[in-house]
Amino acid sequence: MRPNGIAIRAIREAQDMSLPALAHRAGLNRGYLSRLERGLIERPAEAKVLAIAAALTVPTAAITHEGAEVPATDTKRKAPPTATTGGASTTTLDELVHYKPEEVATNGWLPYTASTLRKKARAREIPHSRSGGRITFRLMHIREIAAMGETRPLSETKSN
């Protein structure tokens, strides 16, 4: 079970919960949770992930990469994730989740590699977030970048 630190932080902040408060509720060390949110701990014990999900009152799938894996043989571009129709609170949480450039590239949501996404973000060519100095993308950024890359028919691009 691989935790999604960006999702954990986004959900925690959406619930207006501090890191020490989450640590207390989950019965974990604050430094450990900080490292987990920053992606420095890749394979925590399953019990710890379950404790975090319980403390945030979300399903475990909301804070892990489960279901986000793409088979190596699948090379088709996939549509970016859409907000679920479970209600206003679910939609808000889905829109707050930040995705690393690697996640965007691996899932094929945009026709760029992770390094190209970082390069374009640093050059401010594409919309992105810089929370904690890291380049991340929210759903609205992915949709906007996808719209920027749409091709137009040749007759519209030529000017006579």
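The numbering of residues starts from 1 along each chain as its sequence is written. Because the model is predicted, local features need pLDDT of at least 70 and side-chain atom pairs count only at pLDDT 80 or more, while totals for chains, interfaces and linings use all residues; side-chain values use heavy atoms, with hydrogens and water left out.

The protein contains 9 helices and 2 strands, where helices (H or I, at least four residues) and strands (E, at least two) are DSSP runs numbered from the N terminus. Along the sequence their order is α-α-α-α-α-α-α-β-β-α-α. Of its 160 residues, 35% count as buried; here buried means under 20% relative accessible area, exposed over 50%, and partly exposed in between (1.4 Å probe, protein chains only). The accessible surface comes to about 9,700 Å², and 50% of it belongs to carbon and sulfur atoms, as computed by the Shrake-Rupley method with a 1.4 Å probe, with only the protein chains shown counting as cover for residues. Among contacts (heavy atoms within 4.5 Å) with a separation of 6 or more, 58% involve residues 24 or more positions apart.

Within H4 (residues 46-56), the buried residues include Val-49, Ile-52, Ala-53, Ala-55 and Leu-56. These residues cover an arc of only 165 degrees around the axis, which puts them on the same side of H4; the arc is that of the directions from the helix axis to the C-beta atoms. An α-helix has 3.6 residues a turn, so residues three or four places apart point the same way. The other side of H4 carries Ala-47 and Ala-54, which are exposed. Helix H1 (5-14), helix H2 (19-26) and helix H3 (30-37) are among the elements that cover the buried residues of H4. After H4 comes Thr-57, with a positive phi near 55 degrees.

The structure holds 4 salt bridges, each a side-chain nitrogen of Lys or Arg within 4 Å of a carboxyl oxygen of Asp or Glu. In one of them, Arg-12 pairs with Glu-37 at 2.7 Å, N to O. Arg-12 lies in helix H1 and Glu-37 in helix H3, so this bridge ties together parts that are 25 residues apart in sequence. Arg-12 counts as buried at 9% relative accessibility, and Glu-37 is likewise buried, at 5%. Both belong to a salt-bridge network that also includes Arg-9.

Glu-102 and Arg-118 form another salt bridge (2.0 Å, N to O). This pair links distant parts of the chain, with Glu-102 in helix H6 (residues 101-106) and Arg-118 in helix H7 (residues 114-122), 16 residues apart. Glu-102 is partly exposed at 35% relative accessibility, as is Arg-118 at 23%. Lys-120 and Glu-125 also meet in a salt bridge (3.4 Å, N to O); Lys-120 is partly exposed at 21% and Glu-125 is partly exposed at 47%.

On a 1 Å grid over the protein atoms alone, a pocket is an open set of points where a 1.4 Å probe fits, with protein on both sides within 12 Å along at least five of seven lines, and lining residues have an atom within 4 Å of a point. The lining comprises 14 residues, of which Ile-6, Arg-9, Glu-13, His-98 and Ser-131 lie nearest the centre. H1 and strand S2 (134-136) each supply at least two lining residues, and H1 gives the most, with 6.
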